[in-house]
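Keep the 3D view open as you read.

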Amino acid sequence: MQVDYIIVGIGLAGISFCEQLKTNNKTFVVFDDKSQQSSIVAGGLYNPVVLKRFTSVWKSKEQLQMALQMYANLEKKLNVKLDYKIPVYRKFASLEEQNDWFTASDKPQLAEYLSTKIIKNENDFIAAPFGFGEVLQTGRIDVKCLIDACKNELLKEHIFFESVFDYNQIEILDEGILYKSIKSKHIVFAEGFGVVKNPFFNALPLVPTKGELLIIKAPDLKINYVLKAGVFLIPLQDDLYIVGATYEWDDTSNKTTNKAKEELLTKLKKLISCPFKVVNQVVGIRPTVKDRRPLVGQHVTHRSMFVLNGLGTRGVMIGPYVAEQLYNFIENDVPLENEVDIKRFD
């Protein structure tokens, strides 16, 4: 078999790059062994505002435009529902926070995202005497549905291999690589936290950050917005809600912990007073970077090898943006932005 690309990883980064290849009629195969769960257990929110500090997400306008177009295209192509438009409410803890919100809403990069109307709390089960600020142009991508649908499509096309990728089987050619019986011009590693086992890119400063989420059932809560107040509370169907997320740097196992559960429950009980039941707990290891920018670029020696990683907690927004950057870098010699290029860590 001869292809233009081998992709390793079918999370948000890998899917975003596959869409670039399909758009440009490139041939490719994908390898994934289900070892990395960060995309699958992601809350899936797209939100252009850092709600802790009321600041704009890096390249938020460009990211949103590109991401929403990609998900709309995938919904049509795969005949699935992925994009659920839903407002995000930030609970105010004080009058000072209200004032900070209004100050931020006057800034040009935030004006179109921060509503200047204070929303009064009318839910008896939520403690919010100072009300909420509403973030505009927000929503949730059903990431599990996205990954399952894309994987099924690739399986139908016979270009998906659900197996461990063996780095020792790579043979470097004058032009491209040979992996087992597959000859490819390029290989893109988009394996998330799994890159720490990759002998070609394991020196990159990826910081594995464990995140855990709870799924609760709260029939009395009845909210149709995402609530941010210490934790995110994200409504699903059938009175189910995602509660998350934790951040853990020392334990990078894929096992859920009672410590994370108790942390989330403590914060949740300060936010809502209605009865609820925990129905599930999930965990994933996020591929984060100390400067909060992705890891994109070319291997310093093997010029056919590339990395697309480090999407952190905002993968649904940033994935399509950096995938296009990498594609244009490889195919059209367009330089990568300095902020994402792995050369910044040379």
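## Salt bridges and helix packing

Glu 331 and Lys 26 bring their side chains together in a salt bridge, with 3.5 Å from N to O. This pair joins distant parts of the chain: Glu 331 sits in helix H6 (residues 315–332), Lys 26 belongs to the loop between H1 and strand S2 (28–31), and the two are 305 residues apart. Glu 331 is partly exposed at 27% relative accessibility, and Lys 26 is partly exposed too, with a relative accessible area of 24%. Please bear in mind that you are looking at a predicted model.

How many salt bridges does a search of the whole structure find? It finds 16 salt bridges. Another of them pairs Glu 19 with Lys 77, where the closest N and O atoms are 2.9 Å apart. Glu 19 lies in helix H1 (residues 12–23) and Lys 77 in helix H2 (residues 60–78), so this pair ties together parts that are 58 residues apart in sequence. Is Glu 19 buried or exposed? Glu 19 has a relative accessible area of 13%, and because the cut-off for buried is under 20%, Glu 19 counts as buried.

Lys 210 counts as buried, with 1% relative accessibility, whereas Asp 251 counts as partly exposed at 26%.

| Salt bridge | N to O distance |
|---|---|
| Glu 331 and Lys 26 | 3.5 Å |
| Glu 19 and Lys 77 | 2.9 Å |

Now for the helices. H1 and H2 pack with their axes 12 Å apart, at an angle of about 75°, and are therefore roughly perpendicular to each other. On the H1 side, the contact involves Leu 12, Ile 15, Ser 16, Glu 19 and Lys 22; these meet Met 70, Tyr 71, Leu 74 and Lys 77 in H2. Sorted by class, the contact of H1 with H2 has five nonpolar, one polar and three charged residues. Glu 19 and Lys 77 are in this contact, and they are also the partners in a salt bridge.

H2 also packs with H6, at an angle of about 90° and with the axes 8 Å apart. That makes H2 roughly perpendicular to H6. Among the H2 residues in this contact are Leu 64, Met 66, Ala 67, Met 70 and Tyr 71, and the H6 residues include Val 316, Met 317, Ile 318, Pro 320 and Tyr 321. The contact of H2 with H6 divides into 10 nonpolar, three polar and two charged residues. Met 70 and Tyr 71 take part in the contact with H6 and also in the one with H1.

One last stop is Lys 107, in the loop between helix H3 (95–105) and strand S8 (132–135). Lys 107 counts as partly exposed, at 36% relative accessibility. From C-alpha to C-alpha, Lys 107 and Arg 90 are 18 Å apart in space, and they are 17 residues apart in sequence.

Methods
Residues are numbered from 1 along each chain as its sequence is written. This is a predicted model: local features need pLDDT of at least 70, side-chain atom pairs count only at pLDDT 80 or more; totals for chains, interfaces and linings use all residues. Side-chain values use heavy atoms; hydrogens and water are left out. A salt bridge is a side-chain nitrogen of Lys or Arg within 4 Å of a carboxyl oxygen of Asp or Glu. Helices (H or I, at least four residues) and strands (E, at least two) are DSSP runs, numbered from the N terminus. Buried means under 20% relative accessible area, exposed over 50%, partly exposed in between (1.4 Å probe, protein chains only). Axes are lines fitted to C-alpha atoms, for helices over the stretch in contact, and angles run from 0 to 180 degrees between N-to-C directions. Angles under 35 degrees count as roughly parallel, over 145 as roughly antiparallel, 65 to 115 as roughly perpendicular and the rest as oblique. Contact means heavy atoms within 4.5 Å. Ala, Val, Leu, Ile, Met, Phe, Trp, Tyr, Cys and Pro count as nonpolar, Asp, Glu, Lys and Arg as charged, and the others, Gly among them, as polar.
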